[in-house]
Amino acid sequence: MMDALRPLMKPHRLILMALAVALVWWCAVSLNWAWLPDYWNNGLILQGLWTTIWMLVASWALGLFFAIWLGLAQAAGPWFVALPAKGFCSVIRGTPLLLQMWFLYYGLGSLFPYIPWIRHSWAWVYLREAWPYGLLALTFSFAGYEGEVMRGALKGVPHGQLEAARAFGMSRFTTFHRIWLPQAVRRVLPTLGGETVLQLKSTPLVATITVIDLFDVSRRVYQDTFITYEPLLLLAVVYMAITGLIVLFFRWLERQVPTKTA
Amino acid sequence: MLAYLTSLFEPGHALGLLAWSPPGWGQVFLTGLLRTMEISVGAYTMGLVIGVIGAFGKLYGGEVIRDLFSIYTTVVRAVPELVEILILFYAVPNVINQVLVSMGHDRITLPQLLVGITVLGVVVGAYMTEVLRGAILAVPHGQIEAARAYGMPPAMVARRVTMPQMLMNALPGMSNLWLNTNKDTALLAVIGFNELTLTTAQAAGSTKAYFFFFFAAGVLYMIISILSGRVFAFFERRSRKGQPQIRGGVI
């Protein structure tokens, strides 16, 4: 414990920390936080936090699932599978997420009401809302970026491993899920934490298509009370805290995985 | 052939919505693209300046400078760009005006372009600092020691030894960062900046041709990405002259 604290015990760091504490104190005392209890009590802040987090988790999981297929298609598929997968990754990585999101929400969303069988199907209840489009855009984005990473990771697994697996008589599927994928995931793991933080930082974009996430709540506070800085500062602190948790989680996860590679 | 292509852009034809003069949106659309490029280039240049100062400061500066730059890069990279852009969008003109007023000058309205460039430049600078720092660290230490042993002053070591050698390590990261900067300009649409994405949304909204305009904007962004990928790949090959080849990725 004391060893962990030792780097902080240098004089200039103590001064910096004192300044930081003073800054926080000044922010707490002289800025206007009167709006905070209202928005906490009406549940808007918690609702926004919840939306942000489940958007992140859902798009992360779905995106990673698609990414594995995209990577596999590019690393091992025939050209008529590899080419569309590569095209998808290039388009996702080459255009702004905001544009993709607006394309899905305003473009697709404006098309659906004119198709009668969609209007009368069970999916219409969801397609009327904004969040499916936000989730879809975030998922595509994560799949596109991570698909490219997966391609490299799958290609990086030594070919001898796969040949050995086939020689043991494993089927192609068994080879994939026992030998190929686990080793590829191990290669992806160091970058996965960073990509997850990037994904977190993409989530506020869903506020631009009227999903009530954390960022949207801060904008509502501004619209209601004309208080500019306080909601944004609090928002920045909350995002920093979530980023810190993600970093810690992935550091822990990396320690769970044996690092010795063949 | 050319006549056929230009006829496509006439009102009523396939690409009539993109005709140069109203009711076509061609001119507005390309102005948006120009704005996007202006902000990207400006913010990237500013990020480059901050990055060089930050990287050298973080590696060779005193303890205080090092810690301050660490705080800057950590905080900027941990908070969503959209939130930072919004905070800086309000804060930068405010701070400048308060400084001006305290010095006895009048308040000024800053040009929108300058605010956009500054806001995005501060964000890009943090990432650039890390890219350049990593690249400098990859320069063999013996090279820098040898240069010092020859009696070169620090600025000359940086100019003649560190910079040229770190360039080949830095260019892949710089290329990525340029693409990110270019895409991040779209975020300025949220604060009402008339760049390509907002122009597209306005054009799409008033013509109801959502698919058409968003697709066209996507094509423009893709062209920029592909072209700049090629340019960076060319410079990377140049800076790698005489080094063992590695496979460079082009988007």
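Is Thr210(A) buried or exposed? Thr210(A) is exposed, because its relative accessible area is 53%; here buried means under 20% relative accessible area, exposed over 50%, and partly exposed in between, with a 1.4 Å probe and protein chains only. The model is predicted, so local features need a pLDDT of at least 70 and side-chain atom pairs count only at pLDDT 80 or more, while totals for chains, interfaces and linings use all residues. Residues are numbered from 1 along each chain as its sequence is written, chains are lettered from A and ligands numbered from 1 in the order in which they are written, and side-chain values use heavy atoms, with hydrogens and water left out.

**Chain A as a whole**

Chain A contains 13 helices and zero strands. Helices (H or I, at least four residues) and strands (E, at least two) are DSSP runs, numbered from the N terminus. The mean pLDDT of chain A is 88, and 98% of its residues score at least 70; pLDDT is the predictor's confidence in each residue, from 0 to 100. Among the elements of this chain, helix α1 (residues 2-5) of chain A has the lowest mean pLDDT, 68, whereas α4(A) has the highest, 93. Where pLDDT is low, the predicted coordinates should not be read in detail.

The radius of gyration of chain A is 23 Å, while a compact globule of 262 residues would have one near 18 Å. This radius is taken over C-alpha atoms, and the globule rule is 2.2 Å times the number of residues to the power 0.38. Along its principal axes, the C-alpha trace of chain A spans about 70 × 65 × 30 Å. Of the 262 residues of chain A, 42% count as buried.

**A pair of packed helices**

Two packed helices are described by the angle between their axes and the distance between the axes. Helix α4 (residues 44-76) of chain A packs with helix α9 (residues 131-156) of chain A at an angle of about 40°, and their axes are 5 Å apart. The axes are lines fitted to C-alpha atoms, for helices over the stretch in contact, and angles run from 0 to 180 degrees between N-to-C directions. α4(A) and α9(A) are therefore oblique to each other, given that angles under 35 degrees count as roughly parallel, over 145 as roughly antiparallel, 65 to 115 as roughly perpendicular and the rest as oblique. The residues of the contact of α4(A) with α9(A) comprise 19 nonpolar, eight polar and four charged. Ala, Val, Leu, Ile, Met, Phe, Trp, Tyr, Cys and Pro count as nonpolar, Asp, Glu, Lys and Arg as charged, and the others, Gly among them, as polar.

**Chain B and individual residues**

Chain B has nine helices and zero strands. Buried residues account for 48% of its 251 residues. Asn176(B) lies in helix α7 (residues 154-184) of chain B and is partly exposed, with a relative accessible area of 48%. Its C-alpha atom is separated by 18 Å from that of Glu38(B), 138 residues apart along the chain. Ala147(B) belongs to helix α6 (residues 141-149) of chain B and counts as buried, at 4% relative accessibility. The C-alpha atoms of Ala147(B) and Arg160(B), 13 residues apart along the chain, are separated by 8.8 Å.
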